[in-house]
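Colleague: I'd like to learn how to read aromatic rings in a model like this one. Could you walk me through it?

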Amino acid sequence: MSRHTPAAPHHETGKGVAFGLAAYVTWGCFPLFFALFQGVPAFEILLHRVIWSCLFLVGLVTLLGRWAPIRLAIAEPRRLGRVLGCALLIALNWGLYIYSVETRHVLQASLGYFMTPLVNVGLGMLVLRERMARLQGVAVGLAGLAIAIQVVMLGELPWISLALAFSFGTYGLLRKQVPLDGLSGLFVETLLLLPLALMALGWLAQADLSHFLDDGRTTTLLVASGVITALPLLAFAGAARRLRLATLGFLMYLNPTIQFVIALLVFQEPLAPVQLATFVLIWAGLALYSWSAWQSRPRETGAAAPLSR
């Protein structure tokens, strides 16, 4: 009898691919949603995204009967320290992303998410003392070269790209140390951020700076920001249960690719030759990284680590 885990039935694999496509295509189309906000600052959108995500997840967790791991996490203050760190990092990532759409820097956002897997490799080596394969080292080096070219040729640091990549990469690093699934983890993170978001929103209202009740369209969009945060996560969870990590890893590139296309075709952001060279180097690094990950598959043993988004 084979010691390998039997492959999932074809219909389950098909469902997993459909869920994965739904999640990553939705994430990739986020610029189109956040571009609908007119005159609402990124900071206020972030506050509402936290508040309405948390409220929507209350109903979702109740519907799915997933309160047990959440109660366990809340009952252990020592564990909440890491979750709070995750919450602050994901809030920073969300806020920067909304800002990048608001200021029409979606190409930089796309570059940041293309860079994230390479940042993960570098963080794993520096923080967790993981060994880096030779091709992975070359991939990270190409990413560093790409950033250096932008700094030298354009005279500016792509800070949005770097901040998005490092905030999400560090979030992933901390998230691995928290034994919560994606849905439960997101709920606890938004729950910890909720008091801060409510206080900040109260200050905006008191200063007459809130846009929440300006008109029905804006109010609906702000409430919907919480719903669209949770729904792709559910789809991703469905994909993660049915697909191998390698398959999920390749689907992951759909998100920044769609953002890249939207930036060029919808927002008509200019793409200078130097920026194109940067993307080509990052894509080459990702190709090497993916090839290295694919080559290492036969040497992997044990259960795969849980993914979170």
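Predicted model: local features only at pLDDT ≥ 70, side-chain atom pairs only at ≥ 80, totals over all residues.

Colleague: Which ring does arginine 49 lie over?

Modeller: Arginine 49 is over the face of tryptophan 94, 4.2 Å from the ring centre. Another case is arginine 104, whose charged end sits over the ring of phenylalanine 267 at 4.4 Å from the centre.

Colleague: And rings with rings? How many aromatic pairs are there?

Modeller: Rings pair if their centres lie within 6.5 Å, and planes over 60 degrees apart count as edge-to-face. That rule gives 19 aromatic pairs. Take tyrosine 24 and tryptophan 27: their ring centres are 5.4 Å apart and the planes are at 65 degrees, so this pair is edge-to-face.

Colleague: Where do tyrosine 24 and tryptophan 27 lie?

Modeller: Both are in helix H1 (residues 10-28), 3 residues apart, which is about one turn of the helix.

Colleague: Is tyrosine 24 buried or exposed? And what about tryptophan 27?

Modeller: The cut-off for buried is under 20% relative accessible area. Tyrosine 24 has 4%, so it is buried. Tryptophan 27 has 8%, so it is buried too. Now try phenylalanine 33 and phenylalanine 34: they make an edge-to-face pair, 5.2 Å centre to centre with 75 degrees between the planes. Phenylalanine 33 and phenylalanine 34 are both buried.

Conventions. Residues numbered from 1 in each chain as written. Heavy atoms only, no water. Phe/Tyr/Trp six-rings, centres within 6.5 Å; stacked < 30°, edge-to-face > 60°. Helix = DSSP H or I, 4+ residues; strand = E, 2+ residues; numbered from the N terminus. Buried < 20%, exposed > 50% of the residue type's maximum accessible area, 1.4 Å probe, protein only. Lys NZ or Arg CZ within 6 Å of the ring centre and 35° of its normal.
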